Amino acid sequence: MAPTGLSEFGADAPPYWAEACRHLMKRDRVMKKLIPLHSGVSLQSRGDAFVTLARSIVGQQVSVKSAQSVWERFVLLPKKLVPAQVLKLKVDDMRGAGLSARKVEYLVDLALHFANNQVHVDGWAEMDDEAIIAELIAIRGIGRWTAEMFLIFHLMRPNVLPLDDNGLQNGISRCYFSEEPVSRSEIREVAASWAPYCSVATWYIWRSLDPVPVAY
């Protein structure tokens, strides 16, 4: 085993991952210790934009266990989990799966945006992060945090810093500030040495709190 574990990420790792780890370990004392503890794993994408965003809506403001339970019931309703099929579902059936009235509205709005080509899925590769965020937050139920998670977990953009993410805040507090509360400016100060790989550093900060990777 290589001492840094950089040779063991596998074919599914983002193409920049090994280079990002070298950069972070060289620039940041916490990353130098943290990254080798998690060799063999990396950020992974589920690969379907609509499903990723639908899952994020279902999971809002509920526990991971509750979200998974509702999601498993919801995915059984349409013949296929695509926008056109979701738009055919009955509200009562969606509510019966455990979705709140508001989340039903959000999922319908999401499906409408995709069905009506109000999101430019084919153009995202050429768009910058902020342009994609602006497009996504126009959908009901999707705020900046959800859009940032989408950039990280679906599009695997390398330099996203989700300032409002509780895990990032708590991890930076624990790893850099002896568990003292941290401000947004302090997070930015820590992350200055992470660029252009803030997504990667954030992922490892999450691992410092929970070693099991989460996928959206």
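How far apart are the mean positions of the 24 positive and 24 negative charges of the protein chain? They are 4 Å apart. Lys and Arg count as positive here, Asp and Glu as negative, while His and the chain ends are not counted. To mark the charges, select NZ of Lys, CZ of Arg, CG of Asp and CD of Glu.

The model is predicted: local features need pLDDT of at least 70, side-chain atom pairs count only at pLDDT 80 or more, and totals for chains, interfaces and linings use all residues. Residues are numbered from 1 along each chain as its sequence is written, and side-chain values use heavy atoms, with hydrogens and water left out.

**Whole chain**

Start with a cartoon of the protein chain. Twelve helices and zero strands make up its secondary structure. From the N terminus on, the order reads α-α-α-α-α-α-α-α-α-α-α-α. The radius of gyration is 18 Å, close to the 17 Å that the globule rule gives for 216 residues, so the protein chain is as compact as a globular protein of that length. That radius is taken over C-alpha atoms, and the globule rule is 2.2 Å times the number of residues to the power 0.38. Helices (H or I, at least four residues) and strands (E, at least two) are DSSP runs, numbered from the N terminus.

Switch to the C-alpha trace. Along its principal axes it spans about 55 × 35 × 35 Å.

Now show the surface. Its accessible area comes to about 11300 Å², and 52% of that belongs to carbon and sulfur atoms. The method is Shrake-Rupley with a 1.4 Å probe; for residues, only the protein chains shown count as cover.

Colour by burial next. Of the 216 residues in the protein chain, 45% are buried. Buried means under 20% relative accessible area, exposed over 50%, and partly exposed in between (1.4 Å probe, protein chains only).

Then turn to contacts (heavy atoms within 4.5 Å). Among those in the protein chain with a separation of 6 or more, 64% are between residues 24 or more positions apart.

**Aromatic rings**

Select Phe, Tyr and Trp. Their rings, with the six-membered one taken for Trp, pair if their centres lie within 6.5 Å; planes under 30 degrees apart count as stacked, over 60 as edge-to-face and the rest as tilted. The count comes to ten aromatic pairs.

Zoom to Phe50 and Phe114. Their ring centres are 5.4 Å apart and their planes stand at 70 degrees, so this pair is edge-to-face. It links distant parts of the chain: Phe50 sits in helix α3 (residues 49-58) and Phe114 in helix α7 (residues 101-115), 64 residues apart. Both Phe50 and Phe114 are buried.

Move to Trp71 and Phe74. This pair is tilted, with 5.8 Å centre to centre and 50 degrees between the planes. Both residues belong to helix α4 (residues 64-74), three residues apart, about one turn of the helix. Trp71 and Phe74 are both buried.

Next, pick Tyr16, Trp17, Tyr197, Trp203 and Tyr204. Ring pairs link them into a cluster.

**Backbone stops**

Go to Pro196, in the loop between α11 (184-191) and α12 (198-209). The peptide bond from Ala195 to Pro196 is cis, with omega near 5 degrees.

Select Met156, in the loop between α9 (144-153) and α10 (166-176). Its phi is positive, about 50 degrees, although Met156 is not a glycine. Met156 is partly exposed, with a relative accessible area of 22%.

Finish at Ser178, in the loop between α10 and α11. Ser178 also is not a glycine, yet has a positive phi of about 50 degrees. Is Ser178 buried or exposed? Ser178 is exposed, with a relative accessible area of 66%.
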